[in-house]
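The following note sets out points for a colleague who has the sequence and the model at hand. Please read each point alongside the structure.

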Amino acid sequence: MAYPIYLFNSLTRKIEKFTPLEDNLVRIYTCGPTVYNFAHIGNLRSFLFADLLQRVLKVVGKYKVQWVMNITNIDDKTIRDSSPGSTAWLPEMGRQVPDPLKRLIKFTEYYRKKFIEDIRKVGINLRDFYRMPKATDYIPQMQELVRKIVEKGFGYIVNGSVYFDVSKWRQHDLYGKLYHIDFEKFKEGSRIDADSYDKEEFSDFALWKARKEGEPYWEFVLNGINCSGRPGWHLECSVMEREILGLPFDIHTGGVDLKFPHHEDEIAQSKAGYGVEPTVFWCHNEFLLVDGQKMSKSLGNYYTLRDLIDRGVDPLDFRYLVFSAHYSTQLNFTFQALASARKARFRIQNYIYSLFESYGVEDKSAKIKELRDKIFSDLGYDLQTPKALATLFEFINENPPKEFSQNSSKELLKLFGDLNKIFNVWTIEPKPEEKLFIPEDVKKLAELRFEARKNKNFSEADRLREEIKQKGFQVVDTKEGYQILPIEE
Ligand code: AMP
Ligand code: ZN
């Protein structure tokens with residue numbers, strides 16, 4: 001049974017009922033990583049949010065999903081950090097090749113692969129992605145969009161770079177739908193080249209940047225002018241989402257910091273060039289904080305997943321921690337919070353184990369149905385994971401599984417199985433066998449028997465075998481020596 005889905009739309013600032021544009025299919029675009037370094041766990045929160053969303057749409061809404069996440073492999077940072085002498089170039093990447101584009105690809109491919117390893121570890125399945133496009137594979141289409149924007153009069157060329165004319169666009173359409181922009185600060189005709197900039201620096205932004213010595217570039221002639229160079233970051237997403245999903249698609253996700261300028265600029269570009277809004281729903285996750293501050297590479301206050309693993313953390317505990325807070329609230333990361341997440345995760349895991357061992361008579365069907373309805377409705381209503389987990393704990397506390405009938409246990413295991421298609425942090429299996437405990441005296445007797453056999457003292461060996469048997473164990477001779485096993489009843 002499908003449950004309704006509601007989502008907070010940053011565009012309308014309201015929770016709205018979600019229905020896909022096309023039949024039963026949901027098309028989602030997630031702004032992916034900029035692959036110039038290892039992703040930090042704040043970045044991972046934003047990809048876990050998108051993962052949660054696509055899983056809820058599938059499991060709770062019963063939709064089909066096409067999930068696209070791009071790889072930003074060309075922008076200011078990837079160029080900066082792949083350049084000669086950069087400390088981000090690690091020895092295991094091999095030699096720094098002279099050709100700037102080849103060098104950029106070699107550098108970004110290394111971090112792209114590391115990124116894939118990281119997202120798998122936090123429970124994101126690669127098969128859930130419809131595509132993971134790289135920006136450098138869409139350059140001709142990007143040039144095409146620049147051309148269109150200029151043709152329509154919303155772009156202009158300065159020294160081989162192409163800029164978006166914000167004041168002209170504002171006479172035509174709204175700019176600043178997602179984010180409150182103070183237009184008093186806007187200086188007409190002022191331009192910014194940086195891919196990321198603050199609202200204080202708000203000006204015309206670069207669609208395409210003229211070639212700089214030593215940087216990767218693509219040939220491009222526009223209106224008879226040599227504009228050889230490379231795309232701006234915002235343009236990349238406008239193009240990839242249209243090429244792969246078509247416009248408009250259903251949902252666009254990213255962290256709150258991307259509302260401006262990245263997503264505002266994306267909307268302006270797509271509308272100016274293609275004449276269509278890129279998406280219906282804009283969904284943004286809040287930040288992961290550390291010591292009350294945004295975790296970010298520029299502040300240097302960040303952990304990568306590798307840092308956590310080095311400290312013995314199970315990445316699935318991090319996944320659980322992220323889902324223990326609502327995506328729209330800030331989450332302060334501490335190791336204590338991570339330990340609590342682990343405890344809570346295992347409390348549920350142990351409950352699941354015990355469901356395999358209940359042989360009572362209690363029929364819990366009605367309660368389980370109620371539980372499913374409540375949890376799935378809460379997940380469907382703007383992905384309320386904390387509420388869903390609270391409901392689950394309440395049930396667990398009030399319903400020890402020992403007395404459940406086998407049928408009820410099966411029903412509940414089915415519900416946990418479905419929940420795990422979303423949370424993906426548990427195993428729905430009986431508890432693995434404890435490692436066999438063999439007492440020290442049995443080990444000693446087995447060793448003595450082995451020696452006796454080696455010395456061809458078979459009567460002593462048989463006597464020792466009998467003594468071991470009295471203690472509930474048997475010795476089986478193997479090629480390598482012997483093995484001690486418990487005696488089966
Ligand atoms: P980047 O690799 O810098 O392009 O960022 C990838 C994603 O991570 C974007 O959606 C950002 O909004 C998001 N992001 C960056 N820092 C944080 C943070 N501290 N908490 C949550 N999301 C973040
Ligand atoms: Zn993007």
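This is a predicted model: local features need pLDDT of at least 70, side-chain atom pairs count only at pLDDT 80 or more; totals for chains, interfaces and linings use all residues.

Which element gives the largest share of the lining of the second largest pocket?

1. In the second largest pocket, the largest share of the lining comes from H12, with 5 residues. Helix H11 (365-380) and helix H12 (385-398) are the elements that give two or more residues to this lining. The pocket holds about 210 Å³ of space.

2. The lining of the second largest pocket may be read residue by residue. Lys-367, Glu-370, Leu-371 and Lys-374 belong to it, as do Ala-390, Thr-391, Glu-394, Phe-395, Glu-398 and Asn-399. Sorted by class, this lining has 5 charged residues, 3 nonpolar and 2 polar.

3. Ligand 1 is surrounded by 18 residues, and the closest are Thr-34, Gly-255, Asp-257, Leu-288 and Met-295. By class, this shell has 9 polar, 6 nonpolar and 3 charged residues. Thr-34 places a polar side-chain atom 2.9 Å from an oxygen atom of ligand 1. Gly-42 has a backbone N or O atom that lies 3.0 Å from a nitrogen atom of the ligand. For Gly-255, a polar backbone atom is 3.0 Å from an oxygen atom of ligand 1.

4. How much of ligand 1 does the protein bury? Taken alone, the ligand exposes 500 Å², and the protein buries 93% of that. The elements that give two or more residues to the shell are helix H1 (41-59) and strand S13 (249-255). The largest share of the shell, 4 residues, is that of H1.

5. H1 also takes part in the lining of the largest cavity, where its 4 residues are the largest share. A search of the whole structure finds 1 cavity of 30 Å³ or more. The volume of the largest cavity is about 50 Å³. Its lining consists of Arg-45, Leu-48, Phe-49, Leu-52, Val-322, Phe-323, Ala-325, Tyr-327, Leu-383 and Thr-385. Together with H1, helix H9 (315-323) is an element that gives two or more residues to this lining. The classes are 8 nonpolar, 1 polar and 1 charged.

6. The count of aromatic pairs comes to 31. One of them joins Tyr-303 and Phe-335 in an edge-to-face arrangement, with 5.4 Å centre to centre and 85 degrees between the planes. Why does this pair tie together parts that are 32 residues apart in sequence? Tyr-303 lies in the loop between strand S16 (293-294) and helix H8 (305-310), whereas Phe-335 lies in helix H10 (residues 335-355), and the pair therefore links those two parts of the chain.

7. Most peptide bonds are trans. The bond from Leu-247 to Pro-248, however, is cis, with omega near -15 degrees. Pro-248 is placed in the loop between helix H6 (233-245) and S13. The bond from Phe-260 to Pro-261 is likewise cis, with omega near 0 degrees. In this case the proline, Pro-261, lies in helix H7 (residues 259-274).

8. Two residues call for attention on account of phi. Most residues other than glycine have a negative phi. Arg-13, which is not a glycine, has a positive phi near 55 degrees. Its place is in the loop between strand S1 (6-9) and strand S2 (14-17). Asp-291 also has a positive phi, of about 50 degrees, although this residue is not a glycine. Asp-291 is found in the loop between strand S15 (288-290) and S16.

Technical notes
Residues are numbered from 1 along each chain as its sequence is written. Chains are lettered from A and ligands numbered from 1 in the order in which they are written. Side-chain values use heavy atoms; hydrogens and water are left out. On a 1 Å grid over the protein atoms alone, a cavity is a set of points where a 1.4 Å probe fits but cannot get out, and a pocket is an open set with protein on both sides within 12 Å along at least five of seven lines; lining residues have an atom within 4 Å of a point. Grid points are joined across faces, edges and corners, and a volume is the space filled by probe spheres set on the points. Ala, Val, Leu, Ile, Met, Phe, Trp, Tyr, Cys and Pro count as nonpolar, Asp, Glu, Lys and Arg as charged, and the others, Gly among them, as polar. A residue is near a molecule or strand if one of its heavy atoms lies within 4 Å of it. A polar contact is a pair of N or O atoms within 3.5 Å; within protein, one must be able to donate a hydrogen and the other to accept it, and residues adjacent in sequence count only if both atoms are side-chain atoms. Accessible areas come from the Shrake-Rupley method with a 1.4 Å probe; for residues, only the protein chains shown count as cover. Rings of Phe, Tyr and Trp (its six-membered ring) pair if their centres lie within 6.5 Å; planes under 30 degrees apart count as stacked, over 60 as edge-to-face and the rest as tilted.
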